[in-house]
Amino acid sequence: CDTKILFFGNNSEHQIVEKAIKNMENNSNCINLAGEIDISSLPVILKSCKLMISMESGNTHLAHFLNLPVICLASGEYYGSALPYPDNSVDYVFPDKFNQFLEVSDYKDMVELFYFANKNQTVKDIKPSQVVEKIKEKLCTLNKIY
C-alpha cells in the first residue's frame, strides 16, 4: 500500500510523534512533519490528503474548508459554538460521558452546564477503540467514493 500517514504538530511535539511512530507495528509509511513545516504550507499538503484525523483545532477547521474529510477528536467543550458543523461534514469522536449526555439531553444549550460540572473530561477520555471504529466507518465511506 502506498498510502502515507502524515503527522503534524509543533516543534515540542516532534519527539512525542517520533516515539509514537516507533511504537507502531506498520510504521514504514509514517512521516513525522511535526515542527518540520511552516503553517503556510499546511493547506497545500492537506489538499492532497484523503482523510484527516485531528484534535479540535485550527487544522480541523482548515481541512473542513478544503473539503477534506475529517475525524475530529473533541472533548465536547466547544459543542454548540465551534462544533458540530451544521452540515455534519466533520465526524466527531467524544468521550463516552459526553456521548451519554448527548443521548439523554434534548437541550443542546445545557452542554455548557455539563462542562461546568465535569471539567475533567478531555480527549484523553476517548478510548482508542472509539477512534479505530470511526476510522473504519470513514474509510468504508471513502472507499465507496473513490
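Me: In what order do the three strands of the open sheet stand, and what is the pairing called?

Reply: The order is S3-S4-S5 and the pairing is parallel; strands are counted as paired if DSSP finds at least two bridges between them, and a strand is a DSSP run of E with at least two residues, numbered from the N terminus, as helices (H or I, at least four residues) are too. The model is a predicted one, in which local features need pLDDT of at least 70 and side-chain atom pairs count only at pLDDT 80 or more, while totals for chains, interfaces and linings use all residues. Residues are numbered from 1 along each chain as its sequence is written, and side-chain values use heavy atoms, with hydrogens and water left out.

Me: What makes S3 and S5 the edges of this sheet?

Reply: Strand S3 (52–55) and strand S5 (90–93) each have a single partner strand, so one side of each is left without a neighbour in the sheet. Neighbouring strands are turned by 25° against each other on average, direction ignored, with axes taken as lines fitted to C-alpha atoms (for helices over the stretch in contact) and angles running from 0 to 180 degrees between N-to-C directions.

Me: How do you know that S4 is paired with S5?

Reply: Four bridges join strand S4 (residues 70–73) to S5, and the definition asks for at least two, so the two strands count as paired. Within this parallel pair, Ile-71 stands opposite Asp-91 and Leu-73 stands opposite Val-93.

Me: Why are both faces of S5 called covered?

Reply: Val-90 and Tyr-92 on one side and Asp-91 and Val-93 on the other are all buried, where buried means under 20% relative accessible area, exposed over 50% and partly exposed in between (1.4 Å probe, protein chains only). Of the 146 residues of the protein, 32% count as buried.

Me: What makes the space of about 2,000 Å³ a pocket and not a cavity?

Reply: On a 1 Å grid over the protein atoms alone, a cavity is a set of points where a 1.4 Å probe fits but cannot get out, whereas a pocket is an open set with protein on both sides within 12 Å along at least five of seven lines. The space of about 2,000 Å³ lies in the largest pocket, so by that definition the set is open; its volume is the space filled by probe spheres set on the points, which are joined across faces, edges and corners.

Me: Which residues lie nearest the centre of the largest pocket, and how many line it?

Reply: The lining has 43 residues, with Ile-5, Leu-6, Phe-7, Ile-53 and Ser-54 nearest the centre, and a lining residue has an atom within 4 Å of a point. Helix H6 gives the largest share, seven residues.
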